[in-house]
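Trainee: I am new to this structure, and I would like to learn how its features are read, one at a time. Please begin with the pairing of strands.

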4 protein chains.
Amino acid sequence: MIKVGIVGGTGYTGVELLRLLSVHPDVELTAITSRKEDGLPVADMFPSLRGKVDLAFSAPDKVDLSKCDVVFFATPHGVAMAQAPALLAAGVKVIDLAADFRLKNQETFEQWYKIPHTCPELLEEAVYGLPELNREAVKNARLIANPGCYPTTMQLGFVPLLKANLIDASALIADAKSGVSGAGRKAEISTLFSESSDNFKAYGVSGHRHTPETVAQLQRFTGLPVNLIFTPHLVPMIRGMHSTLYARLTTDISNEALQELFETTYKDAAFVDVMPFGSHPETRSTRGSNTLRLALHRPNNGNTVVILVVQDNLVKGASGQAVQCMNLMFGLEETLGLQQVALLP
Amino acid sequence: MIKVGIVGGTGYTGVELLRLLSVHPDVELTAITSRKEDGLPVADMFPSLRGKVDLAFSAPDKVDLSKCDVVFFATPHGVAMAQAPALLAAGVKVIDLAADFRLKNQETFEQWYKIPHTCPELLEEAVYGLPELNREAVKNARLIANPGCYPTTMQLGFVPLLKANLIDASALIADAKSGVSGAGRKAEISTLFSESSDNFKAYGVSGHRHTPETVAQLQRFTGLPVNLIFTPHLVPMIRGMHSTLYARLTTDISNEALQELFETTYKDAAFVDVMPFGSHPETRSTRGSNTLRLALHRPNNGNTVVILVVQDNLVKGASGQAVQCMNLMFGLEETLGLQQVALLP
Amino acid sequence: MIKVGIVGGTGYTGVELLRLLSVHPDVELTAITSRKEDGLPVADMFPSLRGKVDLAFSAPDKVDLSKCDVVFFATPHGVAMAQAPALLAAGVKVIDLAADFRLKNQETFEQWYKIPHTCPELLEEAVYGLPELNREAVKNARLIANPGCYPTTMQLGFVPLLKANLIDASALIADAKSGVSGAGRKAEISTLFSESSDNFKAYGVSGHRHTPETVAQLQRFTGLPVNLIFTPHLVPMIRGMHSTLYARLTTDISNEALQELFETTYKDAAFVDVMPFGSHPETRSTRGSNTLRLALHRPNNGNTVVILVVQDNLVKGASGQAVQCMNLMFGLEETLGLQQVALLP
Amino acid sequence: MIKVGIVGGTGYTGVELLRLLSVHPDVELTAITSRKEDGLPVADMFPSLRGKVDLAFSAPDKVDLSKCDVVFFATPHGVAMAQAPALLAAGVKVIDLAADFRLKNQETFEQWYKIPHTCPELLEEAVYGLPELNREAVKNARLIANPGCYPTTMQLGFVPLLKANLIDASALIADAKSGVSGAGRKAEISTLFSESSDNFKAYGVSGHRHTPETVAQLQRFTGLPVNLIFTPHLVPMIRGMHSTLYARLTTDISNEALQELFETTYKDAAFVDVMPFGSHPETRSTRGSNTLRLALHRPNNGNTVVILVVQDNLVKGASGQAVQCMNLMFGLEETLGLQQVALLP
């Protein structure tokens, strides 16, 4: 059994880790920390876990995480970087669901996240935890930077085309839509039910942290300079993410060949479902599951390809992906404990 | 492996059976019938099942259900009664998720459901599939009448008090609220998103089919005549049911004793969670899980006891309960394949 | 033109007052105070008001409210009582949308609201602003205590029966459901979209401030001691309130006579719509309008009468009712500026 | 008073016309037809209209629409073309909310709408009812083709840039999102609450009828060939539309000049609100109102301009726009009866 610790279990990625790990056959939940909720049984905060998780939250200083085999950080940016060096030194693997290790470039990190990076020496070693594009590195990693939710959809949609050198890398557009849980479990007026329900809006159009992360990753797959317009929107639903990606083809290629390219790219990816050409994937088809679905379109058979990508932002976009990485890091079957069927309706 | 057939797999209880049974370790899905969708892969209608269910719908006359070990009827009222006799004769167990076998009294059935009963000779044998109140009978049953969603909450809330003879059986009030999926997957204006969202209303206040079902079952637990006011309402949510039950105490009893009564009654019930006295259970704490949660209140410490009961209407209120019965009928662990953690948020 | 000031314009009752008053033909909006938002144009916070309201918020000390004809307090409990005496002394009428003047009994107020009352000498004079039960007093009032949202529905539903001495006053049950906007525009986790959407729960079952308010008002209409069980629930919708009221008849009376009683009681009430016997009013039929609708039921023609009452909690349940009072206090047509048709769908 | 008839009052554009016209000071509602609902009081179907509209639906053959001054067609495509010629001949003005007269080219119409056009001789005369781009023609029209909801947002967003010849007309992208009421009040599974809630998807990506309509109108404002990628999506909200428009600048121009271009274009447009550069308009800021709001963005100060456009699809996107046209056709103030403030929250 893998001994697992979770730092910061009171947010949505934390409770989602608990949902997945509490029924994972090879995991023993060992500790869940929360400074504010020390002593509170986890199931008192999240009654969905009554009878499933017996642990209580512990204050960070009351628990020795170095006895864990792996520690997940489901914390705000900046927490993992403070604790990762000691844990790694003690032989504990670390998976950070925040952004501390997503950007290789320290300066870019500090510019977008407005905090100094306290262990830049780990940036190079950290492995970007998107197994479909990075599986071998994940297997061998000590330290995982779990990708952002939006970047996961953008990379899995654009990379096959970029790698095959079929599109204009300087004219990528991602019009993306997220459920409200992406904003986290924080007391804020803007994500109140009465503010977000029966409403739709864009946000962060002038600049969002997921742009530099995505561009840096996409750049790995092409020699041409990547330019990306990324427009996130807020959808009145709890879970779910839908990215509508637009790319301009630079080569004459048939729809069949495009479809085959994607099917070939993901033929061994248990969690990527390439739907038939022209399909319209729905976010609810992934609700609660670790599967990402995508489908290709070619409006008017012109030179623009449209890729529709959906996932559950809390599973494949966060906690499920982290567990997928854990499975690989410990030599387990990649899909272990992640076979939940989506909840439809 | 238990060979399972499903008659009528295109509705919400059907797809929910598929979600649960596709990952049940002892089940082999053998056939799913649909007159209208013959030949259509199930996963084309429900993309959540892509990669999970490979079956296609079959027209009823193209499949031999007598080779199954058990057949679930996820159909409108009247279908199961037409096919059950032949299946039972062939040694197949039958679980009907509709109302055909819920009422022992043929006349009452015909009055409320407006169709003649075609096999009244089976009414006596049919077992009402509420394991928490009826476990031994379920184990030995060939034919299960799976309870209605509302009646499940009302019975599990009222029965401990009735059995202990603590309340006035002639003055029961159940103010119940259901998510919209309870209305089924039928093309109707009244349950369109634009009609049901951002709205709340009562319906069927002058009379609902779940009243006679509930009264007949409650009557089994008391010698006094049961009278029930049942007021159902429609909530703008997909899944979830909340019944607020009011009963008048006829005996002086402490809150502690009331609480202990419920805890004792359900101490062996894996799927009934008696929360601490004064709790407010939320429907989402049961979303996608087979657990029913309840909590007791005593406003102003007066003579009225209020019982709050929540469940997922499609799981404990329908398909999960049916699978729970199947487990018992085949001598399996009652909880097998039903350990899903609720999806929160 | 009536010069109107609003204290506390940043909450939902505040912005709703602005929506109504900005198009009221006899009103001139003069000042809107907010300590935190001093200088911010109101339409920057609420873009729905762009082009409709040109005012900016003012810090309380920068504006002289004594020049207004009437001041509305759309503030937390405790604010109006601090400022009302000086305003009244200056000849300004005051309408408090909070609870400061709703309870005549100082002790009861302090017990439920946990703050000392700073001007108990005004409690006797304050008029409870429910025009349908209190029209003449409202017309002559200097100081209005605008009723709570739940109490409005409970009183308009129970009072005709109590006045006619038809029901058991000691066994009233109100199972009430409110949209989330009733919780106000406050940064809190429990009313986040991701917590409240696709969910249903009761709250405050052991005791809610609207119980003593309602009981005290109901008591005015009967010589018998009133006892009320009040169970509020939270519905995943923005606006709307549905109270399901249960009362036990003590007299033999026909359904026709019951219906006539209500129709007669409210025949001059422009904002109370008595629907045909057996109707199921929907909250959305009142969305954005000042109309309250109700309908009577008599399950099984027994001795329990069920009254279904719906309203928009922010209009008839708060700001619309306040404007209705203002109209009466200034000798205007009661319905002036309040003729909006509900937004359906 | 203008005598108004409505053909097809049982859909969402019909009931929205009733909401607006029932309080329009210069309108007398004369007749509402419905073949199926003959004799039913309108307020029985739409209780929001109780006390506001006393009319009953009439079968088409029982009412003489030629006595009206204007007739609105809130019907499926194909109905207006059958009745318009006779009404026009009788001197009645006609406003069609469907697509019968939106496309000047008969062949294009028949290709997209799959029905023969029965009065192509009126196509030339019909005026496209988008007053902001067409006001003088609307004033003088006998026959109005009310624009589609999506096309309204796309035109008001793209036209200023096209007219000024600032963008590449051959590379327009509109990523658009609509509330579910846009699908109409029809009994269909795909728009049930349980299918559409807590879900997000694209639809019609391979081709949508609003593309040829929009392209034809945009083409009027540029000599260059227009090419448009249009991707509609369904949002789990009742009302509201958000179009995210992408255009490639072909000229070097400052953000200030872009902003000024839009402000100048719409300075006399009472219903177009150009928000400050970089704003994020929300659909709810237009809920129930006839205002369309838009804001400009320039990601990374590059050569792509992003225009965010919101409106209420049933008001400015349908019935409100139709009433706006009526006002102009009858020489009334353009804003008469259309001053409703949006319902927020």
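Mentor: Strand 2 of chain C pairs in the parallel sense with strand 3 (residues 57-58) of chain C, over two bridges. Two strands pair if DSSP finds at least two bridges between them, and strands (E, at least two residues) and helices (H or I, at least four) are DSSP runs numbered from the N terminus. Within this pair, Ile32(C) has Phe57(C) of strand 3 as its bridge partner. This is a predicted model, in which local features need pLDDT of at least 70 and side-chain atom pairs count only at pLDDT 80 or more, while totals for chains, interfaces and linings use all residues; side-chain values use heavy atoms, with hydrogens and water left out. Residues are numbered from 1 along each chain as its sequence is written, whereas chains are lettered from A and ligands numbered from 1 in the order in which they are written.

Trainee: How many bridges join strand 1 to strand 2 of chain C?

Mentor: Six bridges join strand 1 (residues 2-7) of chain C to strand 2 of chain C, and the two strands run parallel. In this pairing Val7(C) stands opposite Thr33(C) of strand 2. Between these two strands the chain passes through helix 1 (residues 12-21) of chain C, and the resulting β-α-β crossover is right-handed, a term for a path from the first strand over the helix to the second that runs clockwise with the strands pointing away from the viewer.

Trainee: Is strand 2 of chain C mostly covered or mostly open?

Mentor: We call a residue buried under 20% relative accessible area, exposed over 50%, and partly exposed in between, using a 1.4 Å probe and protein chains only. By that rule five of the seven residues of strand 2 (residues 27-33) of chain C are buried, and the strand is mostly covered.

Trainee: In what order do the strands of the open sheet of chain C follow one another?

Mentor: The order is 9-10-8-11-14-13-12, which makes seven strands with mixed pairing. At the edges stand strand 9 (201-202) and strand 12 (272-274) of chain C, each with a single partner strand, so one side of each has no neighbour in the sheet. Further in the list, strand 13 (residues 292-297) and strand 14 (residues 304-311) of chain C pair in the antiparallel sense over five bridges, and Ala295(C) stands opposite Leu308(C) in strand 14.

Trainee: Which strand of chain D pairs with strand 4?

Mentor: Strand 4 (residues 70-73) of chain D pairs in the parallel sense with strand 5 (residues 93-96) of chain D over four bridges, with Phe73(D) opposite Asp96(D). The chain makes this crossing through helix 3 (residues 79-89) of chain D, again as a right-handed β-α-β crossover. Strand 5 of chain D is also joined by three bridges to strand 7 (residues 143-145) of chain D, which runs parallel to it, and there Ile95(D) has Ile144(D) as its bridge partner.

Trainee: Where does Thr75(B) lie, and what is it in contact with?

Mentor: Thr75(B) lies in the loop between strand 4 (70-73) and helix 3 (79-89) of chain B, and a relative accessible area of 15% makes Thr75(B) buried. Contact means heavy atoms within 4.5 Å, and, leaving aside neighbours within four places in sequence, Thr75(B) is in contact with Val7(B), Gly8(B), Ala80(B) and Ala98(B).

Trainee: How are copies of a chain compared?

Mentor: Two copies of a chain are related by a rotation about an axis and a shift along it. The copies are superposed by least squares on the C-alpha atoms of residues with pLDDT of at least 70 in both. Chain C is laid on chain B by a turn of 180° and a shift of 0.0 Å along the axis, with an RMSD of 0.0 Å, and the two copies are thus related as by a two-fold rotation axis. Pro236(C) is the residue of chain C that comes closest to this axis, at 3.2 Å (C-alpha). The copies meet through the same surface, because 100% of the interface residues of chain C are also interface residues in chain B.

Trainee: How many helices and strands does chain A have?

Mentor: Chain A has 10 helices and 14 strands, and 65% of its 345 residues are buried.
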